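Thanks for sending this one over. Have a look at the structure below, then read through my notes on the salt bridges.

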Amino acid sequence: MLHKDHDGAMLKAGPDDGLEEGQFLAYASVFGNRDSYGDVVEPGAFTKSLTDWRAKGAPIPLLFGHNMEDPDFNIGHVVMAEEDGHGLKVLGQLDLESPKGRQVHRMLKGRRVGNLSFAYDVLDSKPAKSAELGEYVSLKSLALHEISVVTVGANRSTAVLAVKGGDATNVTKDEVVMSVSLKDQRAGVVTKAQAIVDGAKAEGVELTAEQAAELDGLVDQVKAFDEQIKASLDSQALVAAVEALGKGIEPAMDQEKGNMNVSTKGRFLGLTGKSGAEAATKLAGQMLGSAGGVKSLTAAGSSVTGVPLVAQSPIELDRVPTSVLEVLGVVTHSTPEYTYLRQTVRTNNAAPWASGNKPESRYAVESVPGKLTVIPHVSEGIDRYTLIDNAALGDFLKDEMIDGLMHAVEAQVLSGNGTGVNMRGVLNTSGVLSQAFTTDLVTTTRKAVTALETGGRKPGVFVLSPTDWEALELARNTSGAFDLAHSAVDRSARKLHGVPVVVSTALPAKVAMLMDLDAVKVDTDTHGLVVEWGVKGDDFGQNASRLLVEGRFGVSVLRPTGVVKIATAA
């Protein structure tokens, strides 16, 4: 099942436009427009599917973020769906009795979200080419499964209709209100936040609790817009680069279509350092409320905070990484199950040619199913008054919950055995290269570099156990002096043979790794870290509470020959 996102800001909807409360009118798809996936939806593509839905007598579901597993994210239904000369026009009805439906309604009215997406299967398609659109895939018939409200869209030609007089079936293309750009929406939020601050300053008073909460929400909106703007710019640059190269063997395509996931350039897990501390502080704020400056333990329940992501890895910033998660790119998925493409053959036979058959190179990929794994941990029962009175709670969270989660994710990414609920980690993926122990650790690791470079891969990072890194730093020559004159080991920069080193306790004994950074990606979802307070057994009687922190993660080995498993001892 595939997804296709469309950029259509929900500018006008509901009673002001002649609709019922909670309704909106929009184009979920636009015909004849080449989107960032290289697809063009043709007129009539939805005819069969809409007929099938009418025959069922059931409405098309309206979801948030394509979440098909959680009933809370089924936020309404499609009242009307029809094709016109412009595209697939839908009249959506939000379920205002549902908490999630009401929340999405508020976000739509506040312009915090406003894009549409639909899930579909391709029934009929073919390659096509035109002077106007270039090469593209013509989608002639699609099976429509659901329509979702999403945060970021891909097709910049769709929009929401401003309905005049409530006549929803006769709106023409000229009556389309094009979406406000993300930058304009961000500017509107900043103006609103500034007005709150300026008002308080003019009156010479502190912000009220309600104003502070609203301001905090507006700041989060601005940060979200900044992420969307950056993602949009990255996507546009990537598409332009691929188009300039022509039809390449490893195209930058959308992750939901089962691809090499190149489009996530510049995103890394920030569970350590400053980003980890900021995440811990935010979790602490969700653990403890405040009223009149007095801390209070929040009621049992769950909340979420975004998985910390950073734009650059420590390697790019010439800093020593403390976790392999800091240097592997991150891919986010809107559903827990996904597919990606793994390269299986890479044979380059390019050579000079004069006549006859030209040299033929081979590049093959296979589709690999992936699934996000829930990785949780729960604190021991802690006296609630200790929590309320503890001024170092932020440090407690950073040092314990976030750090613990990071180590668990790293262990699964590197060494998960693939049984039961465990991920299949990089070391247990079929096709990775192996380097046997030879003479000593310096020689063995250097041969691993050669193995990677022989296959045309770029050594990106070594992953060593603390014991093996110590052995390299303390290596001595036959005279007993430290054997670092050959400069293979750079202790200050923590590099080996010029390649950055990450020290990890998640490796099996006597095993190290060398990776091309384009060979492996870490997967996570779009919902963030879950934080939940609760009790277990006699905790209630003991006046104790427990904290759960969890997230969903996975690992995708895109190019197994970009990984070398190294034996560090005979």
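1. A quick definition to start: buried means under 20% relative accessible area, exposed over 50%, and partly exposed in between (1.4 Å probe, protein chains only). By that scale glutamate 82 is partly exposed, at 27%.

2. Keep in mind that this is a predicted model: local features need pLDDT of at least 70, side-chain atom pairs count only at pLDDT 80 or more, and totals for chains, interfaces and linings use all residues. Residues are numbered from 1 along each chain as its sequence is written, and side-chain values use heavy atoms, with hydrogens and water left out.

3. The protein chain has a mean pLDDT (the predictor's confidence in each residue, from 0 to 100) of 77, and 74% of its residues reach 70 or more. Go carefully with residues 235-265, where pLDDT stays under 50.

4. How many salt bridges does the count come to? With a side-chain nitrogen of Lys or Arg within 4 Å of a carboxyl oxygen of Asp or Glu as the rule, the count is 4.

5. Lysine 48 pairs with aspartate 52, closest N and O atoms 2.9 Å apart. Both sit in helix α1 (residues 47-56), 4 residues apart; helices are DSSP runs of H or I, at least four residues, and strands are runs of E, at least two, numbered from the N terminus.

6. Glutamate 82 also meets lysine 89 in a salt bridge (3.7 Å, N to O). Lysine 89 is buried, at 1%.

7. Arginine 552 bridges to aspartate 525 at 2.9 Å. This pair links distant parts of the chain, strands β29 and β27.

Terms used: Contact = heavy atoms within 4.5 Å.
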